[in-house]
Structures are given as C-alpha cells and as structure tokens.
Amino acid sequence: MNTAADAQITIQLDGQPHALAAGTMLAQLVAALGHDELAVSTAVNGEFVARGQRAARVLLEADQVLLFQPIVGG
Amino acid sequence: MMMNDVKSDVAASDAWRVGEVSLDSRFLLGTAGYPSPRVLAESIAASGAQVITVGLKRQLAAAGDNGFIDIIRAAMTEHGARLLPNTAGCRTAREAIQLAHMARELYDTPWVKLEVVGDEYTLQPDPIELVDAARQLSKDGFTVFPYCTDDLVTCKRLLDVGCPLLMPWGAPIGSGQGLINPFALRTLRERLPGVVLIVDAGIGAPSHAAQALEMGIDAVLLNSAVSQASDPVRMAGAFRQAIEAGRTAYRAGVMAKQDFAVATTPVTGNPFLIGG
C-alpha cells in the first residue's frame, strides 16, 4: 500500500531540490513551471530530451532537469 | 563600360557561401551586452549583418525576454538575417553536443557556433574537446561553425571531421586586442585556400576588421566592439564600412611591402640643374 511519502519524488531542477508527484512527466513539469512548450528546450541527466519526447519521459527520483531558453549571445 | 557598371559587377560576384546559403554581408554580429533592446535592433540594422549570434540560458520559471525574440524575428524578416546559436559556457564535448541539440530545437536551425572552452582565464578553445564535439555534431546533421584558435593543425582536424568553415580567434573573447597573431591567420589563409575563414573574437576596432579582410579572411564575427561602444549603432555602421573596405582592398590587391623607399614621382636624375 502506497503512503503519501511514496507518492512524492524529489528531482534536481537546475541544481535545486524540487518535489513532484511520482509519475510526473517532463512535459507536465514544463507546463507547471509556466512555460510555453515551444519556448524551452530540456535536458534530463545531461541528455537532451526533444520536445516530442517530453510527454513520454517520466521523471524519477534524483533526476537532474535543466530547462533552457533563448538569450542574447556573442 | 561605365564605372558604375564595373562596381555593380564586382559587388554581384562577391557573395560567399555556407553550404547552400549565399551571403552578401561579411559581418556577423553578436547580440549580447547592448544598452537596450532598441539599440540592439538598430545596431543589427546598421550593421547589415545577415548572421546574428544568439545563446541559451538556464531558466526555471517562465519569464519575459525583454523583447529579444521579437528583435531577432524582425531581423530575420526585415533583413533576411539567419541565426547562429552558440554553445557558450560549455567545457566538454558532451555538454556542447547536448546544448547544440537544444539550440537546434529552440531556434530551428542546424547552424551552431561551437564553443568548448579549455581555459577559464583566456577562454581559449579546447582543441581536443572541440574536435570531438564537431565530429559528432557533423554526424548529427549540424552545420558546425567552430570557434577555434589559429593553430593550423587543429583547423585541419576540424575540417576533417566535417566543419564546412573555420572561426579562428583574433584575440581572446571580449579583449578588443585585434589580430594578435597575423602570421598565424595569414598561414591559415595560405594553407587552406578556398576554406571559409571567419575571425571570431578579439576584434576591438573597425581597423582590426579591415586588417582581417585585407589579408583574405572571408568575414568577421564580433559583439563587444559594437555593444560596448559609446554609440553602438554608429559603431555598427563603422564596422560595416571597414569590412566592406577591407574586402574591396583584398580583391583589389594590396601592394607588396618594400624594405626601402621606392621613388614614386618618375623624375630622372636631379629635378633641377644646379651649378654649371
């Protein structure tokens, strides 16, 4: 029988602890953070996760998630 | 043929290419560090640049971009500009490869300015990681613009692994020192004829850019020299003129240097008869 604690995981979001419901997909995290899905790129554990794969990428305990947005550059 | 016809013919034949893409401007401009979005937009317009560099940043929550995306979209629409995303901040091939894939998705372009830094003090590219990353990204379908040193052998290796061009530094990024090793750049030009060479980084003044173009460098990429000027828009125009002048001078053929004076006026003997 699952407890409430079992239903939560903690990922590292840009290096900071971030609690999520177990089973959360990467696409759901992107939306929960308020991003337009077209406005960010994502990586999990240092590997690029393409936009079309986010809905199928379940986040796991201790996953390291990075989001990137456009910025000025030289 | 009238003089204007000659000028038109020269201009029409001087496009350069990146793969199938033909470019007229030899000025690639960075978008960082401008005093305001409006100045950035006006600087891009004044530069005539057809390639503008952009970056990626880590971002947690959704946030505004200060109009940046609208500016680059306008540059693409109004000036036909193309985007060149960079991999700034990467220290390993693995990092750079992942960031390049994210840039391709975000900016919808296979072009990438590949930066893999190997030294924090000079921001000198790491040649080993750079070649490794360039090899993989070329296999992955990217058009790799490698930011590299002016080392000839490293440059050859970058071409070997699929880079269609090279971007040797003029001096460390943001230093404004100009071309600190003209010999190395001339060597690249001499040993790699036909390869597109873009001097990237270290240019501080329009004269530096003109010097690069005069020696046969195909184009220059710069950012701080414009964005940090007192009047960036005017400086963008100054660089545009210098780059065009340098290129025209190269095509016209700069005279060979001489060790000693060579009389210009065609007098014979003494100009005056003195004495009797």
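Contact here means heavy atoms within 4.5 Å of each other, and on that basis residues 24 or more positions apart account for 48% of the contacts in chain A with a separation of 6 or more. The views that follow are all taken from a predicted model.

**View 1. Chain A as a whole, with one helix and five strands.** Read along the sequence, the elements of chain A follow the pattern β-β-α-β-β-β. Its C-alpha atoms fill a box of roughly 55 × 25 × 20 Å when the box is taken along the principal axes. Of the 74 residues in chain A, 36% are buried.

**View 2. Strand β3 of chain A, residues 41-44, covered on both faces.** In a regular strand the side chains alternate between the two faces of the sheet. In β3(A), A:Ser41 and A:Ala43 lie on one side while A:Thr42 and A:Val44 lie on the other, and all of these residues are buried. Strand β3(A) pairs with β5(A) in the antiparallel sense over four bridges, and within this pairing A:Ala43 has A:Leu66 of β5(A) as its bridge partner.

**View 3. The hairpin formed by β3(A) and β4(A).** Strand β4 of chain A, residues 47-49, pairs with β3(A) in the antiparallel sense over three bridges, and A:Glu47 of β4(A) is the bridge partner of A:Val44. Two residues separate the strands of this hairpin, and A:Asn45, which lies in the turn, has a positive phi of about 55 degrees.

**View 4. Strand pairing between β5 of chain A and β4 of chain B.** One of the residue pairs to look for here is A:Pro70 with its bridge partner in β4(B), B:Leu56.

**View 5. The interface of chain B and chain A, with 28 residues of chain B in contact with 27 residues of chain A.** The size of an interface is often given as the accessible area lost when the parts come together. Chain B and chain A bury about 2400 Å² between them, 57% of it on carbon and sulfur atoms. The count of salt bridges between these chains is three, and among them is the one in which the side chains of B:Arg58 and A:Asp14 meet at 3.1 Å, N to O. Across the interface there are also 17 residue pairs in polar contact, with both residues at pLDDT 80 or more. On the side of chain B that touches chain A, the elements giving two or more residues are β4 (51-58), α3 (68-79) and α4 (93-107), and α4(B) provides the largest share, eight residues. By class, this side of chain B has 13 nonpolar, nine polar and six charged residues.

**View 6. Helix α8 of chain B, residues 206-214, and its buried residues.** The buried residues in α8(B) are B:Pro206, B:His208, B:Ala209, B:Ala210, B:Ala212 and B:Leu213. These buried residues pack against β9 (196-200), β10 (219-222) and α10 (232-252) of chain B. After the helix α8(B) comes B:Gly216, whose phi is positive, near 100 degrees.

Notes:
Residues are numbered from 1 along each chain as its sequence is written. Chains are lettered from A and ligands numbered from 1 in the order in which they are written. This is a predicted model: local features need pLDDT of at least 70, side-chain atom pairs count only at pLDDT 80 or more; totals for chains, interfaces and linings use all residues. Side-chain values use heavy atoms; hydrogens and water are left out. Buried area is the accessible area (1.4 Å probe) that two parts lose on being put together, summed over both. A salt bridge is a side-chain nitrogen of Lys or Arg within 4 Å of a carboxyl oxygen of Asp or Glu. A polar contact is a pair of N or O atoms within 3.5 Å; within protein, one must be able to donate a hydrogen and the other to accept it, and residues adjacent in sequence count only if both atoms are side-chain atoms. Ala, Val, Leu, Ile, Met, Phe, Trp, Tyr, Cys and Pro count as nonpolar, Asp, Glu, Lys and Arg as charged, and the others, Gly among them, as polar. Two strands pair if DSSP finds at least two bridges between them. Buried means under 20% relative accessible area, exposed over 50%, partly exposed in between (1.4 Å probe, protein chains only).
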